[in-house]
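Work through the following exercises with the sequence and the model at hand, and compare each step with the solution given.

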Amino acid sequence: MPRLLIVHHTPSPACQALFEAVLDGAADPELSEVEVVRRAALSATASDVLAADGIILGTPANIGYISGALKHFFDTVYYPVLDQACGMPFGAYVHGNQGAEGAVKAIATITTGLGWKPVAETVVVHGEVDKGARERCWELGATVGANLMS
C-alpha cells in the first residue's frame, strides 16, 4: 500500500484549516489504497520519509520564510534521506498573512536539492482561509495521493 506522509506545522487556526482540507483530500474514498501518515514537523524523522512514497509539506510563512519547525525537519532529514529519497513526489501548502514568496522559494530550493519532484503546484493562501483555499488544499491532498496510485 503506498504511503503518503504529511509533514506540517499548524500553529494557527488558519494552518489547521488548511491541514484538515489536505487530509480530507488525501482520505477521499477513491484513494482508499493510500495510507496517510501525518507528522508534526518537529517530530517527523528520516525514517518517516524513507517509509513514504510521497510527501505533502505544510507551513506558515513566518517573516517571509518557512517555519522554524519545517526548517528543523529539513535540517534533520536532509543528509540521511538525500540519496534514498531522490525522486520523491511531493506537494506543499503555505499560509501567510503577508508575503509568502520566501517560504515558497525555500521549499522549492530545498526539495530541488533533495531531488524531490513536485506533482502539484504549491498552494499559497494569504489571510483568512475561505472556501476556495480549502478546495485548493483538498485538491492538493487528492492529487498527491492519486499520484501514488499510478
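**Exercise 1.** Determine which residue stands opposite Asn 62 in E4.

*Solution.* Asn 62 stands opposite Tyr 65 in E4. This is a predicted model, in which local features need pLDDT of at least 70 and side-chain atom pairs count only at pLDDT 80 or more, while totals for chains, interfaces and linings use all residues. Residues are numbered from 1 along each chain as its sequence is written, and side-chain values use heavy atoms, with hydrogens and water left out. Strands are DSSP runs of E with at least two residues, helices are runs of H or I with at least four, and both are numbered from the N terminus. Two strands pair if DSSP finds at least two bridges between them; E3 and strand E4 (residues 65–66) are joined by 2 bridges and run antiparallel. They form a hairpin with 2 residues between them, and in the turn Ile 63 has a positive phi of about 50 degrees.

**Exercise 2.** Identify the strands that pair with E3 in the parallel sense.

*Solution.* Begin with strand E1 (residues 3–8), which pairs with E3 in the parallel sense over 5 bridges, Leu 4 standing opposite Gly 54. Continue with strand E5 (residues 89–96), which is parallel to E3 and joined to it by 6 bridges; here Ala 92 is the bridge partner of Leu 57.

**Exercise 3.** Explain why E3 is described as largely enclosed by the rest of the structure.

*Solution.* Apply the term buried, meaning under 20% relative accessible area with a 1.4 Å probe and protein chains only. Of the 9 residues of strand E3 (residues 54–62), 8 are buried, so the strand is largely enclosed by the rest of the structure.

Notes. Buried means under 20% relative accessible area, exposed over 50%, partly exposed in between (1.4 Å probe, protein chains only).
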